[in-house]
Amino acid sequence: EPGIGVRFDDVVFRHAGAETDAVGPVSVTLPSGSITALVGPTGAGKSTMADLAAGLVAPTSGAIAITDGPRSIVFQEAFLLAGTVRDNIEFGDQLDDDEIWEALRIAAAETFVGGLPAQLDTVVGERGVSLSGGQRQRVALARALVRRPSLLILDDTTSALDPATESTVLDNMRTALASTTVLLIASRPSTIALADDVVFLSAGAMTGHGTHDELLRTHAEYRQLVEAFEADREGAR
C-alpha cells in the first residue's frame with residue numbers, strides 16, 4: 001500500500017483582493033510514487049495547484065499533506081547558469097560524477113552530454129545558448145532529479161522534448177525514482193497518456209479524476225479539450 005505523495009483536503013486558494021477563488025475546493029490524494037497529469041484549459045488553475053503542492057503558496061483554506069523530503073519544480077522555460085553542465089546540475093552542491101551521470105541518464109541527456117567537447121565541464125554559455133531547447137530542458141530536469149525529490153513538479157517541462165524522448169524519461173523516472181511523486185502540467189495528449197492518472201481542472205474546480213482513457217470515455221469537457229490539443233498539434237506541423 002503506497003503512502004501519500006500529496007493530499008489536498010478541501011483546499012481553496014484565492015489571490016489577495018480577488019472576488020473569486022483561483023482554485024478549489026479541491027480534495028484529492030495522489031499516492032506516493034505516482035505520476036499524475038494536471039490538465040485543463042488556460043486559466044483553470046493548474047499552475048496555482050502545482051504551486052500549492054510545491055509549497056510556493058499557502059492555501060487560503062483547507063490543508064495539504066505532503067510526503068517528507070525535498071520538493072523540486074522544473075518550469076517550461078529551463079533556467080541555466082552561464083557555467084558548465086556540472087555547475088548547472090550541482091547548483092551549489094558537491095556531487096560526485098556517478099550521481100550526475102545517473103541523473104543525466106534518467107533525463108535522457110547522457111548521450112548528448114557525453115558528446116560535448118568537455119562533457120560535464122563544457123561551458124553552456126549565458127542561459128545555455130549553446131544547447132537546444134530540448135537539451136536545456138533535460139539538463140534542468142537532471143538538476144531536479146539528482147536531488148531525488150520526494151515530490152517533483154513538471155510545469156509543461158517535457159513539451160520541448162519529442163514524444164519518444166519524453167516517454168523514455170518518464171519510464172526512466174518510474175524505475176529509478178520509484179518513490180518520487182510526479183505532478184505534471186501537460187497539454188500534449190501523448191504526455192497525458194503516459195501518466196497513471198489525470199486531474200482535470202475547469203475554472204479552478206476539479207471536475208474529473210481518473211485515467212486518461214476513463215476521462216475520455218466519461219467526461220465530455222475533457223474529451224473536447226484533448227481533441228482541441230490534438231488539433232493544435234496537427235495544425236502546428
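Colleague: Which residue takes a positive phi in the hairpin of strand 8 and strand 9?

Modeller: That's Ala203, with phi near 50 degrees, in a hairpin that has 2 residues between its strands. Bear in mind that this is a predicted model: local features need pLDDT of at least 70, side-chain atom pairs count only at pLDDT 80 or more, and totals for chains, interfaces and linings use all residues. Residues are numbered from 1 along each chain as its sequence is written, and side-chain values use heavy atoms, leaving out hydrogens and water.

Colleague: How do you know that strand 8 and strand 9 pair?

Modeller: Strand 8 (residues 197–202) and strand 9 (residues 205–210) share 5 bridges. Pairing takes at least two DSSP bridges, so they qualify. A strand here is a DSSP run of E, at least two residues, numbered from the N terminus. These two run antiparallel, and Phe200 stands opposite Gly208.

Colleague: And what makes strand 3 and strand 7 a pair?

Modeller: By that rule, the 4 bridges between strand 3 (residues 35–39) and strand 7 (residues 181–185) settle the matter, this time in the parallel sense. Leu38 faces Ile185 there. Overall, 6 strands make an open sheet of mixed pairing, ordered 5-6-7-3-8-9.

Colleague: What makes strand 5 and strand 9 edge strands?

Modeller: Each of strand 5 (71–74) and strand 9 pairs on one side only.
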